[in-house]
Amino acid sequence: MGFFKQLLHTAGIFLETAVYAAGTLAAYVGDKAGKLARVAKQAYHDYKSRNFPQEKRDNRSTLGQVNGLISDLEAKRRRNGGLSHYDAHDLNNLYSRRKSLIDEALEFHEMETAKDIAENQGDFEDVEVHENNIHIVQFHVGQAVSNKRCPACQKPMQLQWQRGTLKAGFNDLFWGCTGFYDDSCHKTLRFMSQDAYLFTKTTRPEFQISAGQLNNIVMKPSSQIIIKKRINDLRDEVVEKYLCPVHGVELVLKQKNSAEGLLDLYFLGCPMWNGTDSGCNFVMKLKSAAQLASLLEATTGRGLF
Ligand SMILES: [Zn+2]
Ligand SMILES: [Zn+2]
């Protein structure tokens with residue numbers, strides 16, 4: 001059982017919806033928020049004794065090795081048009097090893113969030129998202145999702161919105177299977193009204209204003225200069241909280257060579273991208289003001305303001 005699942009279970013919260021954004025815990029917890037905070041505190045206290053920073057480093061380096069071995073075998077398969085029985089068996093074992101390592105990586109994110117909830121209990125509360133505060137959902141787009149599994153293939157699903165929609169509305173949001181990125185599954189699910197209740201850190205300044213107000217601020221040329229300056233300093237840096245759904249490694253901030261504006265300029269890419277078809281082509285575009293806020297918060301501890 002995942003860390004959040006256990007935490008929620010202990011707090012007496014039975015979720016019908018997804019816990020999206022493992023790095024921030026976005027899920028409806030209703031009147032159990034206080035209980036959840038107490039449970040999070042206890043769970044974090046218990047977990048702390050396990051030296052999890054070291055476990056996290058071990059997880060990362062093992063994941064790196066496993067990804068490397070998988071890449072080698074996949075390259076061999078492409079070269080030879082197939083694999084020997086022995087290699088194929090090996091590759092399957094490596095895939096399942098990677099899956100458990102990714103689950104473990106997600107648990108570290110959940111754990112860090114439990115720490116945040118335990119230490120800043122008053123900052124977290126339930127919010128219901130409508131058109132005018134849709135940016136609260138957008139803030140969490142692309143962060144690792146804990147328990148939303150594709151009904152077709154069981155891979156994790158990610159929150160997305162229609163391509164080319166700058167001002168996404170409620171009906172533009174949907175869940176997409178992460179199998180999309182290795183072309184194994186194209187399943188999507190509707191974003192349901194029950195997905196729109198979030199337990200999250202509502203004290204963020206960006207959440208104190210409406211989605212429209214946030215957009216207006218970010219569209220101002222003077223704001224854009226400051227935002228670009230801050231984000232440019234972070235180029236090629238690894239961004240915590242955002243994992244490649246295929247490889248489980250943290251994504252890296254990249255800038256497009258030619259862009260149509262600030263909300264077309266930056267994206268997060270998998271470090272296993274190598275410029276050829278054999279590399280990982282997972283990208284997460286940073287195409288809303290809320291995502292830029294989330295990126296800045298994850299990397300510098302301070303959002304847009
Ligand atoms: Zn799927
Ligand atoms: Zn990747």
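**Contacts, burial and helix packing**

Me: What does Val238 touch, not counting residues up to four places away in sequence?
Reply: Happy to start there: Val238 touches Glu250 and Val252 once residues up to four places away in sequence are left out. A touch is a contact, with the C-beta atoms, placed from the backbone, within 7 Å. This is a predicted model, in which local features need pLDDT of at least 70, side-chain atom pairs count only at pLDDT 80 or more, and totals for chains, interfaces and linings use all residues. Residues are numbered from 1 along each chain as its sequence is written, while chains are lettered from A and ligands numbered from 1 in the order in which they are written.

Me: Why is Val238 called partly exposed?
Reply: Val238 has 14 other C-beta atoms within 10 Å, so Val238 is partly exposed. That class lies between buried (20 or more other C-beta atoms within 10 Å of the residue's own) and exposed (12 or fewer), with C-beta atoms placed from the backbone. Val238 belongs to strand β6, residues 238-243; strands are DSSP runs of E with at least two residues, helices are runs of H or I with at least four, and both are numbered from the N terminus.

Me: What makes Ala168 buried?
Reply: Its count of 21 other C-beta atoms within 10 Å, so Ala168 is buried. Ala168 sits in the loop between β2 (157-161) and β3 (173-177). Leaving aside residues up to four places away in sequence, Ala168 touches Ile134, Gln138, Trp161, Leu173 and Ser288. The C-alpha atoms of Ala168 and Gln138 are separated by 8.6 Å, with the two residues 30 apart along the chain.

Me: How do you know whether Gln154 is buried or exposed?
Reply: There are 12 other C-beta atoms within 10 Å of Gln154, so Gln154 is exposed. Gln154 is in the loop between α5 (135-139) and β2. Its phi is near 70 degrees, a positive value in a residue other than glycine.

Me: And why is Asp183 called exposed?
Reply: With 8 other C-beta atoms within 10 Å, Asp183 is exposed. Asp183 is placed in the loop between β3 and β4 (188-190). Asp183 also has a positive phi, near 65 degrees, in a residue other than glycine.

Me: What makes Gly64 partly exposed?
Reply: Gly64 has 16 other C-beta atoms within 10 Å, so Gly64 is partly exposed. Gly64 lies in helix α3. Between the C-alpha atoms of Gly64 and Gly248 there are 9.2 Å, although 184 residues separate the two along the chain.

Me: How are α3 and α4 oriented, and how do you know?
Reply: Helix α3 (residues 52-80) and α4 cross at roughly 150 degrees, with their axes coming within 9 Å. That makes α3 roughly antiparallel to α4. Angles over 145 degrees count as roughly antiparallel, under 35 as roughly parallel, 65 to 115 as roughly perpendicular and the rest as oblique. The axes are lines fitted to C-alpha atoms, for helices over the stretch in contact, and angles run from 0 to 180 degrees between N-to-C directions. The contact includes Leu63, Val66 and Ile70 of α3 and Leu94, Leu101 and Phe108 of α4.

Me: Why is α2 called oblique to α4?
Reply: Helix α2 (residues 33-48) and helix α4 (residues 85-119) pack at about 125 degrees, with axes 8 Å apart. That value makes α2 oblique to α4. Ala37, Ala40, Lys41, Ala43, Tyr44 and Tyr47 of α2 meet Met111, Ala114, Lys115, Ile117 and Ala118 of α4.

Me: How do you know that the radius of gyration agrees with a compact globule?
Reply: For 305 residues, a compact globule would have a radius of gyration near 19 Å, and the chain has 20 Å, so the two agree. The radius is taken over C-alpha atoms, and the globule rule is 2.2 Å times the number of residues to the power 0.38. Along the principal axes, the C-alpha atoms fill a box of roughly 60 × 50 × 35 Å. The chain has eight helices and nine strands, and buried residues make up 36% of its 305 residues.

Technical notes:
Contact = placed C-beta atoms within 7 Å.
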